Each structure stands twice: as C-alpha cells, then as structure tokens.
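Here is a briefing on ring pairs, charged side chains and salt bridges. Please keep the structure open while reading.

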Amino acid sequence: MWLTAACLCVSAVAHAADRQDPAALQAHVERYLKTQTGGLPGKVTIQVKPPRAALPACAALDAFQPAGSRSIGRVTVGVRCLAPTPWTVYLSAQVRVMGPYAVTREPLPANHVLTAADITLREGDLGSLPADVVIDADAMLGYRSVSGLAAGAPLRSALLRPPLAVQQGQTTRLVMNGPGFSVQSQGQALANASRGDRVRVKTRSGQVVSGVAEDGQQVVMTF
C-alpha cells in the first residue's frame with residue numbers, strides 16, 4: 001500500500017515538472033512591461049492575468065508585442081517558448097501609470113496659439129487616456145489648436161499643429177537640392193505652413209513651385 005502511494009506521488013511531481021509554471025510566465029511579462037514603461041513619468045502598477053491553458057515547460061521565454069502597440073492601459077503581450085518545445089501564448093495585462101498630463105485652463109478657439117497661461121497639469125492614469133495625450137506641456141508652447149477645445153480637455157498632439165515655419169506673403173528662402181547640387185533663391189510663400197507641410201512658393205520669375213516648409217521661413221525642394 002505504501003509503495004502505491006509513493007508511486008502516485010512521484011508521478012504527480014513528474015507531471016507537474018513537465019508543465020510551465022504560470023507564475024513564471026506572469027513574472028516574465030511583468031518584467032517586459034516594466035522595461036517598456038521605464039521612461040514614463042509617474043508610478044507604474046502592472047497586473048498580468050495567468051494563461052488560460054496548461055503549457056509544456058519552457059527553458060527560454062521571449063516576450064513581444066507587435067510594432068506600434070501601446071504598453072500602458074489594457075494590453076496583450078505575446079510570449080514565445082524558444083526551447084525545448086516551441087509554443088506561443090498571449091497574456092492580458094492592465095498597466096496603470098499615474099502621472100501628470102496637460103489640460104486646457106479655459107476654452108480655446110480653433111487656430112489658437114498655445115501659451116503657458118493656456119495649459120495646466122492634471123494627475124491621472126495615462127493608460128486610460130488617448131495614446132497621444134501631451135505629457136510635456138512646455139514642448140507644445142507655440143503650437144496651434146486645430147479645432148476649438150473645451151476647458152479641462154486633455155491636450156492631444158493630433159489636435160495641435162506645430163508653429164508656423166512659413167507665413168503667407170513673406171519672403172521665403174527657396175532651397176533646391178538634387179544629386180550633386182544645391183541652389184538657393186528667394187520667392188514668396190502663397191500660404192501659411194507648419195514644419196513638414198507642403199507649400200507653394202512664387203519665384204522671382206513668376207513661376208509657382210512646391211516644396212516642404214522648414215523652420216526659418218525656408219522651403220526645400222528635392223529633385
């Protein structure tokens with residue numbers, strides 16, 4: 001009788017050893033997410049759900065997310081087993097980052113140029129906010145609102161445009177770059193443009209050309 005019980009015990013231990021420890025998977029994903037969120041301001045808390053199914057034991061785990069995936073809020077992280085038996089599992093996690101983000105002090109009209117007086121900081125869970133919420137308010141000074149913004153609205157980079165690099169009617173430096181040459185001349189901008197926007201310029205000869213606006217009232221054409 002004693003021998004039978006001992007055999008059952010050994011069999012159960014061997015069976016458990018063949019299975020991947022769910023806690024080790026959760027810990028691996030947690031370490032991965034801590035690395036991904038290491039540069040964010042504020043306090044980070046991570047909760048990882050265990051896998052739903054038993055998996056073979058793994059000696060080499062590799063966590064990953066598709067390119068462009070967020071690492072805060074409700075996220076999914078994949079874990080590959082590289083050896084001895086390849087498999088892949090996806091674990092859900094909740095990543096909360098309590099930190100400051102920028103909001104408007106008062107209602108702002110469209111095309112308003114932001115100043116320090118327009119912006120204040122609020123504390124909250126960055127993972128529950130849009131991915132493009134502004135956390136560096138100083139970097140947005142001089143930007144313009146694309147549309148009207150309500151008081152207390154989170155500032156989002158998608159709703160802001162960079163400061164004007166080229167202004168309509170002003171003299172503009174026109175730079176023409178090509179293989180082995182770079183020529184500069186002057187023209188007149190036919191519209192306002194932010195850095196990186198395409199804008200038309202009227203040259204001294206009266207020809208209208210198009211290029212990319214850059215800081216310093218400059219438009220670059222590449223051939």
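Phe223 is exposed, with 57% relative accessible area (buried is under 20%, exposed over 50%, partly exposed in between; 1.4 Å probe, protein chains only). The model is predicted: local features need pLDDT of at least 70, side-chain atom pairs count only at pLDDT 80 or more, and totals for chains, interfaces and linings use all residues. Residues are numbered from 1 along each chain as its sequence is written, and side-chain values use heavy atoms, with hydrogens and water left out.

**Aromatic pairs**

- The whole structure contains two aromatic pairs. Rings of Phe, Tyr and Trp (its six-membered ring) pair if their centres lie within 6.5 Å; planes under 30 degrees apart count as stacked, over 60 as edge-to-face, and the rest as tilted.
- Phe64 and Tyr90 pair edge-to-face, at 6.0 Å centre to centre and 75 degrees between the planes.
- This pair links distant parts of the chain, 26 residues apart: Phe64 sits in strand E2 (residues 60–64) and Tyr90 in strand E4 (residues 87–104). Helices (H or I, at least four residues) and strands (E, at least two) are DSSP runs, numbered from the N terminus.
- Phe64 is buried, at 14% relative accessible area, whereas Tyr90 is exposed, at 53%.
- Phe181 and Phe223 form a tilted pair, because their ring centres are 6.4 Å apart and their planes meet at 35 degrees.
- Phe181 belongs to strand E10 (residues 181–189) and Phe223 to the segment after strand E14 (218–222), so the pair ties together parts 42 residues apart in sequence.
- Phe181 is partly exposed, at 39% relative accessibility.

**A charge over a ring**

- Arg80 lies over the face of Phe64, 3.8 Å from the ring centre. The criterion is NZ of Lys or CZ of Arg within 6 Å of the ring centre and within 35 degrees of the ring normal.

- Asp125 is in strand E5 (residues 119–125).
- Asp125 is buried yet has no salt bridge; Arg96, the nearest side chain of opposite charge, is 4.4 Å away. Lys and Arg count as positive, Asp and Glu as negative; His and the chain ends are not counted.
- What lies 3.1 Å from a polar atom of the Asp125 side chain? The backbone nitrogen of Val97 does.
- Asp125 touches Val95, Arg96, Val97 and Met98, leaving out residues up to four places away in sequence (contact means heavy atoms within 4.5 Å).

**Salt bridges**

- The structure holds five salt bridges. Each is a side-chain nitrogen of Lys or Arg within 4 Å of a carboxyl oxygen of Asp or Glu. Three of them follow.
- Glu30 bridges to Lys34, with the closest N and O atoms 3.6 Å apart. Both residues lie in helix H2 (residues 22–36), four residues apart, about one turn of the helix. Glu30 is partly exposed, at 28%.
- Arg156 bridges to Asp132, with the closest N and O atoms 3.0 Å apart. Arg156 lies in the loop between strands E6 (144–145) and E7 (160–161), and Asp132 in the loop between E5 and E6, so the pair ties together parts 24 residues apart in sequence. Arg156 is partly exposed, at 30%.
- Arg161 bridges to Asp197, with the closest N and O atoms 2.4 Å apart. Arg161 is in strand E7 and Asp197 in the loop between strands E11 (193–194) and E12 (198–203), 36 residues apart. Arg161 is partly exposed, at 33%, and Asp197 is partly exposed, at 21%.

Definitions and conventions:
Polar contact = N/O pair within 3.5 Å; in protein donor to acceptor, adjacent residues only side chain to side chain.
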